[in-house]
Amino acid sequence: MAKPIWIKNIHQLATLASKEEGPRSKTAMSELGIIDDGSLWIEDGIIQAVGSTKEVEQQYANRLQEAEIFDATGHLVTPGLIDPHTHVAYGGSREREFEMRLEGVPYMEIMNAGGGIHATTRMTRESTEEEIINQTTKRLDSFLQHGVTTVEGKSGYGMNLETELKQLRVMKQLQETHPIDLVPTFMGAHAVPPDYKGKEDEFIDHLIKNMLPVVAQEKLAEFNDVFCEKDVFTPEQSERILEAGKMYGLIPKIHADEIVAYGGAELAAKVGAISAEHLLKASDEGIKAMAQSGTIACLLPATALYLREEAANGRKMIDEGVAVAISTDCNPGSSPTTSMPLVMNLACISMRMTPAEALTAATYNAACAINRQDRLGSLEVGKQADLVLWDVKSYQELQYLFGVNHTKVVWKKGVKVVG
């Protein structure tokens, strides 16, 4: 049986504990539950006590000799970061397209010419499960090194039943073998396959009748996502796909309003999506609808940076009452990064979020965006012991020193996996 873990003398312990239930918005996004000279007691992967060093020491005075003791003097400790939107499991690479975009070729033009999503689809179809596992493992290892302990992963680089299932099965296997928790999303509606161009409704029929039932039967996904965008899937088509997924118990997510204002945010609110992603061009009406429905805005500032676009208006969304989460959008074409610390920096720099809001967006609200807030996203008694010790003294310093990985130690379910 593993020893208890006592982490003591934490300069600043950001517990993210709050009286708020559900995703946090407005001023609640700045409530970090800070404890100075903080301490944690962990047993069997679960947090048993949270408080000041003096309080925890007194509570476990007769058991201190049993524990593995970690002195965190001079350091910040936070919940493990959570990435609620990635396309982490795929085959191949697209570095040539990066060069093309720098030469002035627009992203959608590359995609419509057979590049973009279609290029990764070809490479993923050609890759074996073992090859995809090997590639994805390296990315998950890098996530851990950056303080990320839970990752949502989407399929969508198959667009046929065989390859969609291959991606989802890879993620299921890695969930069982890799320290990171990997939360699966089915995204068969990532793009219209070239052989269905002009026959989009026929493809949707195929997806609903032949793909969704198998995904649900094998319990390969928890969420159903669709790319609602001009020249991809219309709001009406997207609604049909998301409502069909709900019939199979899959919770709706939606890629919305990334390239143009297209009614995606409004649709997310209408179908009760747990989150809407991207939202660079979301309308004022859409933002208000999301605030009313409780749909979380999952914002991806690294993607905007990589595509040289203006980032989503995170400041406006928070002020309007939308709960905001942030993510790397790790994918081979528009955001090939695993650095959630960089994404937190960008949330502050390009979306005018405060350091406290950025941390909430990368932990507790991110947990809400993947329906894991009951066990992840904050450091509270009874929750999973996923936490990061950073080589800085405060959450402000974590965001101030940007573009640097300050991860020093990572515990996953009470096991030290980094450091």
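**Entry 1: cysteines.** I searched the whole structure for disulfides and got 0; I counted a pair of cysteine sulfur atoms within 2.5 Å as a disulfide. Cys298 is in none, since the nearest cysteine sulfur, in Cys368, is 12 Å away. A reminder to myself: a disulfide is a covalent bond joining the sulfur atoms of two cysteines.

Before going on, I noted the ground rules. This is a predicted model, where local features need pLDDT of at least 70 and side-chain atom pairs count only at pLDDT 80 or more, while totals for chains, interfaces and linings use all residues. Residues are numbered from 1 along each chain as its sequence is written, and side-chain values use heavy atoms, with hydrogens and water left out.

Are these cysteines buried or exposed? Cys298 has 0% relative accessibility, so it counts as buried. Cys330 is buried too, at 2%. (Buried means under 20% relative accessible area, exposed over 50%, and partly exposed in between, using a 1.4 Å probe and protein chains only.)

**Entry 2: Arg240.** I found Arg240 in helix 8, residues 235-247. Helices are DSSP runs of H or I with at least four residues, strands are runs of E with at least two, and both are numbered from the N terminus. Arg240 is partly exposed at 36%.

What does Arg240 touch, leaving out residues up to four places away in sequence? I got Asp201, Ile204, Asp205 and Ile208, with contact meaning heavy atoms within 4.5 Å. With Asp205 there is also a side chain to side chain polar contact at 2.2 Å. (That is a pair of N or O atoms within 3.5 Å; within protein, one must be able to donate a hydrogen and the other to accept it, and residues adjacent in sequence count only if both atoms are side-chain atoms.)

**Entry 3: Ser394.** I looked between strand 14 (387-390) and helix 16 (395-400), and Ser394 is in that loop. Ser394 is buried at 16%. Its side chain makes a polar contact with the side chain of Gln396 at 3.2 Å.

**Entry 4: helix 13.** I counted 9 buried residues out of 12 in helix 13 (residues 340-351), including Met344 and Cys348. Ser339 caps the N-terminal end, with a side-chain oxygen 3.1 Å from the backbone nitrogen of Leu342. After the helix comes Arg352, with a positive phi near 60°.
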